[in-house]
Amino acid sequence: MSQIDWDSLGFDAYRTRTVVLSRFQNGQWSPAETTETFSFTLDPFAQVFHYAISCFEGLKAFTQKDGRIVIFRPDENAARMQRTARYLGMPEPPADLFIRMCELCVKNNLEFLPPYGHGASMYLRPLLMGVHPQMQLVPYPEAVLAVMCAPAGSYYGAHLKSSSAVIPGDYDRAAPKGSGSYKVGANYAATFKPYKIAHDQGYTELLYLNSGTREFVDEFGSSNFFGIKGNKYVTPLSDSVLPSITNKSLQQVAADLGMEVEKRPIPVEELAEFDEAGACGTAVVITPMSHIDLKPVLAGEEVACTWRFVPDGSVGPVCTKLYRQITGIQFGELEDVHGWCHEVR
Ligand SMILES: Cc1ncc(COP(=O)(O)O)c(C=O)c1O
């Protein structure tokens, strides 16, 4: 195998050694199997191709300081995939199968698991697809669950460095009472074009408002939003944002550090009141925002408002503290008081 440079990993699709598979057919899940074939053979009429009947998860495995290998909160990802599967009318993978497949994926791709000391981890990507060939818009109890992995460094190319975001006035992520809080692949399709426009303008992230009234902050295209106001960690309460497991963990970490935690609607004007603001998620971990612009037309020239938090590239003290705390737990440098790290044996 070619040498992997653990210090310069980004966040990319990767060809590792094995994929782990299980199929739901005739009312049951097949035993997890590993394959070295990196391709699926599916009927061209399979639901996934036409009607986007697919959902996924993202979680990470770490080599800890003492050499133990752990997966961060896989029970939470299993429960979230079950919730999304119910929304799509798909069979729900049992939590023990989901976790076993993640463990198998780590164990069968150990040479791609970054060693301790590089700030890198192994990203696990469970994917659930509706594979039944059909035209009707009705659920069908047949699915494939696959777990892939990739060695991962930083999502944005550098660990803990601030980025910028733009609020697009003419794009929404999710409809009110729609699929926003579920991890369905189709939610991400709607972000590809605005991401391209935003990236071409030098922004790293898109920050979406609630699509119903456009008064409140919802979330970034890839992650949840949080703001720091004095000793408070504030994050949106909205039924169209993905319930982030990182955000849930950070709320606990913030409380453990003696901060007050508020989960409530955040009016967009309140951005002016935050000392620090950032994105959080498995892939982005914590990515502080230097500034957020509001553009009525994303591709246009006009910037209606700019909110500044920290100078470009720098990081505020609270984001630094939260980052150190959560990554410290993940890498086994700090005590895992809540039992979040699931050991792979
Ligand atoms: C839209 C969106 N929001 C939030 C998150 C963060 O969720 P988590 O912390 O569970 O990775 C993700 C990434 O998974 C995401 O894609």
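Let's start at Pro44, which counts as exposed because its relative accessibility is 61%, above the 50% that marks an exposed residue. Keep in mind as you look around that this is a predicted model. You will find Pro44 in the loop that runs between β3 (33–35) and α1 (47–51). From there you can look across to Glu343: 299 residues separate Pro44 and Glu343 in sequence, and their C-alpha atoms are 39 Å apart in space.

The space it takes is the largest pocket. Two elements give two or more residues each to the shell around the ligand, namely α6 (245–256) and β15 (276–281). There are 16 residues around the ligand, and those that come nearest are Tyr188, Glu219, Ser244, Thr246 and Thr282. Sorted by class, the shell is made up of eight polar, four charged and four nonpolar residues.

With Ile245 the backbone is involved instead: one of its N or O atoms lies 2.8 Å from an oxygen atom of the ligand. As for how covered the ligand is, taken alone it exposes 390 Å², and the protein buries 96% of that area.

Conventions
Residues are numbered from 1 along each chain as its sequence is written. This is a predicted model: local features need pLDDT of at least 70, side-chain atom pairs count only at pLDDT 80 or more; totals for chains, interfaces and linings use all residues. Side-chain values use heavy atoms; hydrogens and water are left out. A residue is near a molecule or strand if one of its heavy atoms lies within 4 Å of it. A polar contact is a pair of N or O atoms within 3.5 Å; within protein, one must be able to donate a hydrogen and the other to accept it, and residues adjacent in sequence count only if both atoms are side-chain atoms. Accessible areas come from the Shrake-Rupley method with a 1.4 Å probe; for residues, only the protein chains shown count as cover. On a 1 Å grid over the protein atoms alone, a cavity is a set of points where a 1.4 Å probe fits but cannot get out, and a pocket is an open set with protein on both sides within 12 Å along at least five of seven lines; lining residues have an atom within 4 Å of a point. A molecule sits in a cavity or pocket if more than half of its atoms lie within 2 Å of its grid points. Helices (H or I, at least four residues) and strands (E, at least two) are DSSP runs, numbered from the N terminus. Ala, Val, Leu, Ile, Met, Phe, Trp, Tyr, Cys and Pro count as nonpolar, Asp, Glu, Lys and Arg as charged, and the others, Gly among them, as polar. Buried means under 20% relative accessible area, exposed over 50%, partly exposed in between (1.4 Å probe, protein chains only).
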